[in-house]
Structures are given as C-alpha cells and as structure tokens.
Amino acid sequence: MHVTHLSLADFRSYARVEVPLDPGVTAFVGANGQGKTNLVEAVGYLATLGSHRVSSDAPLVRMGADRAVIRAAVTQGERSQLVELELNPGRANRARINRSSQVRPRDVLGIVRTVLFAPEDLALVKGDPGERRRFLDELITARSPRMAGVRSDYDRVLRQRNTLLKSAAMARRHGGRGMDLSTLDVWDQHLARAGAELLAQRVDLIATLQPLADKAYEQLAPGGGPVALEYRSSAGDPGDPGDPGAPGASGDDASGPGAADGLVAPGVTSRDELYAHLLAALAGVRKQEIERGVTLVGPHRDDLVLKLGRLPAKGYASHGECWSFALALRLASYDLLRAEGNEPVLVLDDVFAELDARRRERLAELVLPGEQVLVTAAVDDDVPGVLAGARFAVADGAVERV
C-alpha cells in the first residue's frame with residue numbers, strides 16, 4: 001500500500017498544498033518550523049484519526065480558518081481509493097471515500113495504515129502508561145478497524161459511569177442524601193463487556209508482538225536483549241479469581257522491579273471470563289469508587305510493562321537502550337502489519353537526528369525494503385545515504401521537488 005497524492009487545505013501551516021508521491025523513499029527536507037512534519041502528520045491522521053503531536057484537532061486547523069481538509073489518493077495492489085477527512089474543532093468531523101456521500105470518520109480506518117517513528121516515541125518507554133495504552137490501541141485498530149467502535153463504546157460508557165460516580169461523591173461530601181445508584185450495575189455491565197473485548201485484543205496483540213519486538217531489538221542492538229512485554233491489569237490477574245482489583249487500582253504506574261501483581265498471561269481466559277472478572281473487580285472497588293468519584297479498574301488504567309532483561313526498561317535502561325526499545329516496538333508493529341497482508345506506510349519524522357551513527361544506519365537498513373517510506377529531516381545529511389529516493393524541499397509554505 002502507498003499514498004500517491006496528498007492534498008491539504010488549511011491544515012497546520014498550509015493554506016493549500018498538493019504533493020505527488022511515489023513508492024519507495026521520499027524525504028522532506030527543511031529547517032525546523034517550515035512545515036515538513038505537518039505533511040507526514042496528515043498522513044498519520046488518516047491512519048489513526050489522531051495526531052502524534054497533539055491530543056486535540058484545534059491546533060491542526062490553520063489560524064483564521066474554521067476547518068481543515070486532508071485528502072489522499074491511496075493504491076493497494078490494483079485498487080485505488082480517495083479518502084477525505086474534514087476536521088471541524090468543536091463539531092463533528094466529516095469523511096468521504098471516493099467522493100461518495102458522507103461516512104463516519106472511523107469508516108476510513110484501514111484504508112491508510114502507517115507505522116510512525118518520531119522523537120515522541122521515547123515516551124513509549126519513559127512516559128506514562130497512557131502512552132503505551134495508546135500504542136496498543138492504535139495498533140489493534142490498524143489490525144482490525146472494527147475495534148474503533150469498541151474503543152468508542154468503552155470511552156462513552158466510561159464517561160457516563162464517571163459522571164454518575166462523581167455526582168455520588170459530591171453528594172456524599174456535602175452531606176446530602178445518598179443518590180440512587182441502581183443504574184451503576186447497568187453501567188458496570190456495559191463497561192465490562194466492552195472492556196473485556198479490548199483487554200482480550202490487547203493481550204493477544206502482546207503475545208503476537210513479543211517475538212517480533214525481541215527480534216527487532218536484537219537487530220538494532222545485537223546482544224543487548226532480551227526484551228519482554230507484559231500486560232498489567234488494574235483489575236488483577238484473571239487467572240486468580242480471588243484477587244480482583246488487587247494491584248492497587250490506581251493503574252498509573254506499575255513498573256517497579258518487583259511488581260508482579262496483575263500481570264495477565266496471554267491466552268489464559270475467554271472474553272466471557274474476562275467479562276466476569278471485570279464485573280467482579282468493579283464490585284470489589286465500588287466503595288472506593290464512590291468515595292473518589294472515578295472508575296478505578298478497567299483497560300483505561302492498565303499498563304504495558306516493558307522489560308530489558310529482568311528489569312523494567314523505565315527507570316533502569318540507559319537513554320540509548322530506551323531508544324532501541326522504542327524503535328523495536330515500531331519495527332515489530334511494521335513486521336506484524338506486513339505479515340497480515342497490508343504493508344503500512346513507514347513514516348520517520350525527524351528521528352535520525354536523535355540517533356547515534358550505529359542506530360541510524362541499522363534503522364535505515366531495516367526500513368529500506370518498505371513499499372513506501374516517508375522521511376523528514378532538517379538537513380540532507382540527516383538522511384542516511386542508503387535511503388536514496390525522491391527529495392522535496394520544504395520552506396515558507398512551499399513544497400518543491402528537487
């Protein structure tokens with residue numbers, strides 16, 4: 001799969017830009033602040049319905065405009081499609097496929113697949129659990145676009161449940177009469193059902209990704225592994241029905257060297273068993289949830305524990321080891337999607353400037369066989385020589401092939 005044409009209107013710094021693209025390597029070169037990352041950010045948005053740089057759509061719309069449009073022509077084998085997204089901050093976004101009538105934005109998921117390498121990737125190892133949850137969920141959705149609906153359902157139910165718990169907590173603190181919480185049982189069921197599906201997908205993904213990540217790390221840093229990926233559930237280990245919610249329901253960070261509670265082994269439970277386990281965990285912490293006014297267990301508070309050798313990478317690995325681990329996760333994602341029949345576009349956003357010479361060359365060699373590789377760099381020298389291909393100069397809002 002590759003993008004043959006990218007068109008932007010009022011996206012970031014661009015009033016309008018048209019960029020023809022070819023298979024193979026394409027590099028966008030320009031000084032910082034000239035808009036090169038904006039181009040690959042737009043491609044990534046089509047794949048994930050989100051930006052790797054900001055958490056909301058408002059910064060993506062050019063100052064003074066009320067909407068932005070991303071349009072791309074995509075070819076996979078002999079099939080070509082045109083996908084379009086209209087970003088409307090504060091209102092519902094719109095989408096079209098092949099200039100047809102309007103569809104839901106999530107209906108475009110799967111048309112464009114990307115694996116993106118960026119300086120922000122270091123947060124996968126060093127950052128908060130939310131970074132790792134996002135990594136898992138975006139890859140799950142890339143593998144199975146229908147999971148976008150499951151994630152949306154989970155988030156909606158979680159918001160509704162938190163609203164009810166917050167109201168109950170406020171009434172309790174102000175000495176008012178206890179609220180009728182009979183509907184909480186219904187929300188528990190909805191949350192556990194969507195949560196069980198999401199949890200099952202995450203655990204399956206980790207089991208599949210594990211050997212690929214270990215292989216990629218060895219390629220980037222020979223002799224430096226092994227690496228391990230472990231899923232830590234805020235609801236405890238489903239294999240231990242007597243321990244719901246045991247790992248301290250905060251779920252904020254469970255990466256200490258001795259932390260073992262809540263680790264979920266791959267393939268140990270069915271979705272029905274996960275559903276029952278999540279329901280039991282929610283019941284086990286209901287008193288604390290009413291006191292605090294927030295949902296304390298569920299996939300939204302879980303973590304992916306990354307280990308290098310026997311120790312968690314976070315807090316123990318060196319800066320270079322953290323970089324290698326983050327790159328290994330991206331390479332493993334690429335290998336996984338490629339093996340499943342739809343090779344993604346590889347995007348390397350200003351990443352080579354962050355790497356030492358050894359990792360730079362190894363990464364370049366590993367991504368070179370990709371069907372389409374998009375690279376951004378501040379200067380030509382930041383692009384490894386092996387990544388020869390098309391070059392675009394980016395400056396003053398213009399993108400020109402050189």
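How many bridges join strand S3 (residues 24–29) to S14, and in which sense do the two strands run? They are joined by 4 bridges and run parallel. Strands pair if DSSP finds at least two bridges between them. Strands (E, at least two residues) and helices (H or I, at least four) are DSSP runs, numbered from the N terminus.

The model is predicted, so local features need pLDDT of at least 70 and side-chain atom pairs count only at pLDDT 80 or more, while totals for chains, interfaces and linings use all residues. Residues are numbered from 1 along each chain as its sequence is written, and side-chain values use heavy atoms, with hydrogens and water left out.

S3 and S14 belong to an open sheet of 6 strands. The order is S7-S12-S13-S3-S14-S15, and the pairing is mixed. S7 and strand S15 (398–401) stand at the edges. Each has a single partner strand, so one side of each is left without a neighbour in the sheet. The twist averages 20° from one strand to the next. Strand S14 (residues 390–395) also pairs with S15, in the antiparallel sense, over 4 bridges. Phe392 links the two pairings. It is the bridge partner of Phe28, and it stands opposite Arg401 in S15. The hairpin of S14 and S15 has 2 residues between the strands. There, Asp396 takes a positive phi near 55°.

H8 touches S7 and strand S12 (345–349). Its direction makes about 165° with that of S7. Helix H9 (residues 357–367) touches S7, S12 and strand S13 (372–377). The direction of H9 makes about 160° with that of S12. Angles run from 0 to 180 degrees between N-to-C directions, and axes are lines fitted to C-alpha atoms, for helices over the stretch in contact. Contact means heavy atoms within 4.5 Å.

Another open sheet has 5 strands, in the order S2-S1-S4-S5-S6, with antiparallel pairing. Strand S2 (14–20) and strand S6 (94–97) stand at the edges. Each has a single partner strand, so one side of each lacks a neighbour in the sheet. Neighbouring strands are turned by 10° against each other on average, direction ignored. Strand S1 (residues 2–11) runs antiparallel to S2, and 6 bridges join them. Leu8 has Val17 in S2 as its bridge partner. H1 lies across S1, S2, strand S4 (68–76) and strand S5 (79–87). H1 runs at about 110° to S1.

Helices also pack on each other. Two packed helices are described by the angle between their axes and the distance between the axes. For H3 and H5 the angle is about 90°, and the axes lie 10 Å apart. That makes H3 roughly perpendicular to H5. Angles of 65 to 115 degrees count as roughly perpendicular, under 35 as roughly parallel, over 145 as roughly antiparallel and the rest as oblique. Residues of H3 in the contact include Phe135, Leu136 and Leu139. Those of H5 include Leu198, Leu205 and Leu209. The contact has 8 nonpolar, 2 polar and 5 charged residues. Here Ala, Val, Leu, Ile, Met, Phe, Trp, Tyr, Cys and Pro count as nonpolar, Asp, Glu, Lys and Arg as charged, and the others, Gly among them, as polar.

Pockets were found on a 1 Å grid over the protein atoms alone. A pocket is an open set of points where a 1.4 Å probe fits, with protein on both sides within 12 Å along at least five of seven lines. Lining residues have an atom within 4 Å of a point. Grid points are joined across faces, edges and corners, and a volume is the space filled by probe spheres set on the points.

The largest pocket holds about 1,000 Å³ of space. Its lining has 35 residues, and Thr48, Leu49, Arg151, Ser152 and Asp155 lie nearest the centre. Helix H1 (36–48), helix H3 (129–143), helix H4 (147–173) and helix H5 (184–220) each give two or more residues to this lining. The second largest pocket holds about 470 Å³. It is lined by 25 residues, with His52, Leu116, Arg134, Glu138 and Arg330 nearest its centre. H3 supplies the largest share of that lining, 6 residues.
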